[in-house]
Amino acid sequence: PDQFVRFSETAPKNSQGKNFISNKENIESFLGELSKRDRPYDRVFIFISGHANGRDAEATFHLPGSDIVYETLMDWIDQIPAKQMILIIGASQGQAWIEKLGRPDRIIIAGNGLHEFDFIPVVFLQIFPLVFSGIQTIDPLNPQPSVSLRDIFTETQKRVQGWYDKNHLHVTEFALIDD
């Protein structure tokens, strides 16, 4: 069955699915339970956003309480049996996620893959969910009944770059996709 789980700084009371405080212990426990499944899940969709400091897989993802080193979090995720896994990473050092977790049965979109900029992809995090949910259509003159994740990625990237251009800012977010 479909399951929706949300981790956040505070567990919301009025939302669907299960809710957990996003601390290291809860994340480790939940992902550990997912990894114990006898047969693979058909599809696992994981959306991660937040701030981290450091480089590559050694970056530290900040949480309430103890932080998690990316490599540890990636190892926990890597143990989940799935026929297909989709990972959306709204955190810095996105290329590290692709290097560690990329393989044929996975789609990874990293909101900020620029190694030289250790920033959370704030503009990506605003635009991607809107495009993904279909609130804004890809082409208003020719709406598609189904849109691929690649189309969503491309449209999001176009809008992020457009936002930087419009605001005359140096681009510090450049998304990557591995599919």
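Two strands are counted as paired if DSSP finds at least two bridges between them, and strands and helices are themselves DSSP runs, numbered from the N terminus, with at least two residues (E) for a strand and at least four (H or I) for a helix. On that basis, an open sheet of 3 strands has the order 4-5-6, with antiparallel pairing. The model is predicted, so local features need pLDDT of at least 70 and side-chain atom pairs count only at pLDDT 80 or more, while totals for chains, interfaces and linings use all residues. Residues are numbered from 1 along each chain as its sequence is written, and side-chain values use heavy atoms, with hydrogens and water left out.

**Overall make-up**

- The protein chain contains 5 helices and 9 strands, and from the N terminus on these elements follow the order β-β-α-β-β-β-β-α-β-α-β-α-α-β.
- Of the 179 residues in the protein chain, 38% are buried, where buried means under 20% relative accessible area, exposed means over 50% and partly exposed lies in between, with a 1.4 Å probe and protein chains only.
- The accessible surface of the protein chain comes to about 10300 Å², and 52% of it belongs to carbon and sulfur atoms; such areas come from the Shrake-Rupley method with a 1.4 Å probe, and for residues only the protein chains shown count as cover.
- Among contacts with a separation of 6 or more in the protein chain, 56% are between residues 24 or more positions apart, a contact being heavy atoms within 4.5 Å.

**The sheet of strands 4, 5 and 6**

- Strand 4 (52-53) and strand 6 (68-69) stand at the edges of the sheet with a single partner strand each, so one side of each is left without a neighbour there.
- Strand 4 is joined by 2 bridges to strand 5 (residues 60-61), the two running antiparallel, and Ala-52 stands opposite Phe-61 in strand 5.

**Aromatic pairs and the nonpolar patch**

- The structure holds 10 aromatic pairs, which are rings of Phe, Tyr and Trp (its six-membered ring) with centres within 6.5 Å, counted as stacked with planes under 30 degrees apart, as edge-to-face over 60 and as tilted for the rest.
- The pair of Phe-7 and Phe-20 is stacked, because the ring centres are 5.1 Å apart and the planes are at 25 degrees.
- Since Phe-7 lies in strand 1 (residues 5-8) and Phe-20 in strand 2 (residues 18-21), this pair ties together parts that are 13 residues apart in sequence; Phe-7 is partly exposed with a relative accessible area of 27%, and Phe-20 is partly exposed with 25%.
- Phe-47 and Phe-128 form a tilted aromatic pair, with 6.2 Å centre to centre and 35 degrees between the planes.
- Phe-47 belongs to strand 3 and Phe-128 to helix 4 (residues 122-133), so the pair ties together parts that are 81 residues apart in sequence; Phe-47 is partly exposed at a relative accessible area of 35%, whereas Phe-128 counts as buried at 1%.
- One aromatic cluster is formed by Phe-45, Phe-47, Phe-124, Phe-128 and Phe-132.
- Phe-45, Phe-47 and Phe-132 also form a nonpolar patch on the surface, with about 270 Å² of accessible area together; patches are made of residues with over 30% relative accessible area and no salt bridge, with nonpolar side chains (Val, Leu, Ile, Met, Phe, Trp, Tyr) joined within 5 Å and like charges within 9 Å.

**Salt bridges**

- The structure holds 8 salt bridges, each a side-chain nitrogen of Lys or Arg within 4 Å of a carboxyl oxygen of Asp or Glu.
- Lys-83 forms a salt bridge with Asp-42, the closest N and O atoms being 3.2 Å apart.
- Lys-83 lies in strand 7 (residues 82-90) and Asp-42 in strand 3, so their pair ties together parts that are 41 residues apart in sequence; Lys-83 is exposed with a relative accessible area of 54%, and Asp-42 counts as exposed at 56%.
- Arg-103 forms a salt bridge with Asp-78, with 2.6 Å between the closest N and O atoms.
- Because Arg-103 lies in the loop between helix 3 (94-101) and strand 8 (106-110) and Asp-78 in helix 2 (residues 70-78), the pair ties together parts that are 25 residues apart in sequence; Arg-103 is partly exposed at 32% relative accessibility, and Asp-78 is partly exposed with a relative accessible area of 21%.
- Arg-150 and Asp-179 meet through their side chains in a salt bridge (2.7 Å, N to O).
- This pair links distant parts of the chain, 29 residues apart, with Arg-150 in helix 5 (residues 149-166) and Asp-179 in the segment after strand 9 (176-178).
- Salt bridges that share partners join Asp-78, Arg-103 and Arg-106 into one network.
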